[in-house]
Amino acid sequence: MDKLFGFLAPTIIYTFIFLLNLLLPGRWVVGYATKINSDEKLNYRLNGIWVLFILIFCWFLLGYSGLLPWDWLYLYRWYALSGAICLGIAFSLAVVLPFPAVTNSFLTDFFLGRAENLQLWGGKIDAKMWLYLVGAILLELNILSFTAHHALVYGSEASVG
């Protein structure tokens with residue numbers, strides 16, 4: 001069962017990030033990308049630092065309460081990696097297939113994308129910014145988990161170099 005949860009961990013974490021990104025307040029900034037067929041710059045809603053702090057706090061609570069080991073993401077890293085790859089392929093297909101081809105090569109369209117600047121709810125959720133956010137937060141959670149594993153295995157006797 002832990003292996004299945006390891007595989008589903010990226011989906012669960014990404015969903016939690018999506019909900020926090022949607023629900024938490026943020027500040028609006030003018031971006032560098034322009035709206036399609038316009039010179040008007042897109043607006044982006046930024047609240048990533050709060051989403052990061054809340055997820056780190058949740059990681060801390062799960063470890064402190066004993067619901068999950070501090071190093072759970074480390075212990076199931078290969079299952080989480082395979083889950084992230086499958087989720088990435090599914091997400092890419094979901095945002096590529098509905099749109100008309102841009103090039104003659106599906107692989108090129110799959111890699112570069114077909115739609116420009118996908119946004120939901122008037123820019124409240126921006127695909128590009130959300131992908132930056134999930135990447136950064138999952139990296140931070142993995143760093144915390146890997147550091148916790150190192151501390152649990154080697155304790156205070158660990159040395160650098």
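In which helix does N21 lie?

Tutor: N21 lies in helix 1, which covers residues 2-23. Keep in mind that this is a predicted model. Now check the cover over this residue. N21 has a relative accessible area of 6%. Buried means under 20%, so N21 counts as buried.

What surrounds N21? Set aside its neighbours within four places in sequence. N21 is then in contact with R45, N47, V51, I125, W130 and L133.

Next, pair L42 with G113. They are 71 residues apart in sequence. In space, their C-alpha atoms are 18 Å apart.

Now step back to the whole chain. The protein has six helices and four strands. Along the sequence, they follow the pattern α-β-β-α-α-α-α-β-β-α. The C-alpha atoms fill a box of roughly 60 × 35 × 35 Å, taken along the principal axes. There are 161 residues, and 27% of them are buried.

Contacts across the sequence come next.

The protein exposes about 10600 Å². Carbon and sulfur atoms supply 70% of that area. One nonpolar surface patch has an area of about 810 Å². Its members are W78, L81, I85, I89, L93, L97, F106 and L107. Helix 4 spans residues 77-96, and helix 5 spans residues 106-112. Each of these two helices supplies at least two residues of the patch. Helix 4 gives the most, with five residues.

W78 is found in helix 4. Its relative accessibility is 59%. Exposed means over 50%, so W78 counts as exposed.

Between helix 4 and helix 5 runs a loop, and T103 has its place in it. T103 has a relative accessible area of 30%, so it is partly exposed. Leave aside its neighbours within four places in sequence. T103 is then in contact with T108 and D109. With D109, the link is a polar contact between the two side chains, at 2.9 Å. A polar atom of the T103 side chain also lies 3.0 Å from the backbone oxygen of S105. Further along the chain, R114 is 11 residues from T103. The C-alpha atoms of T103 and R114 are separated by 8.8 Å.

Finish with the cysteines. A disulfide is a covalent bond between the sulfur atoms of two cysteines. A search of the whole structure finds zero disulfides. C58 has a relative accessible area of 24%, so it is partly exposed. C86 has a relative accessibility of 43%, so it also counts as partly exposed.

W78 is an exposed residue of helix 4. T103 is a partly exposed residue of the loop between helix 4 and helix 5.

Definitions and conventions:
Residues numbered from 1 in each chain as written. Predicted model: local features only at pLDDT ≥ 70, side-chain atom pairs only at ≥ 80, totals over all residues. Heavy atoms only, no water. Patch = residues over 30% accessible without salt bridge, like charges linked within 9 Å, V, L, I, M, F, W, Y side chains within 5 Å. Areas by Shrake-Rupley, 256 points an atom, 1.4 Å probe, with all protein chains shown as cover. Salt bridge = Lys/Arg side-chain N within 4 Å of Asp/Glu carboxyl O. Buried < 20%, exposed > 50% of the residue type's maximum accessible area, 1.4 Å probe, protein only. Contact = heavy atoms within 4.5 Å. Polar contact = N/O pair within 3.5 Å; in protein donor to acceptor, adjacent residues only side chain to side chain. Disulfide = S-S within 2.5 Å.
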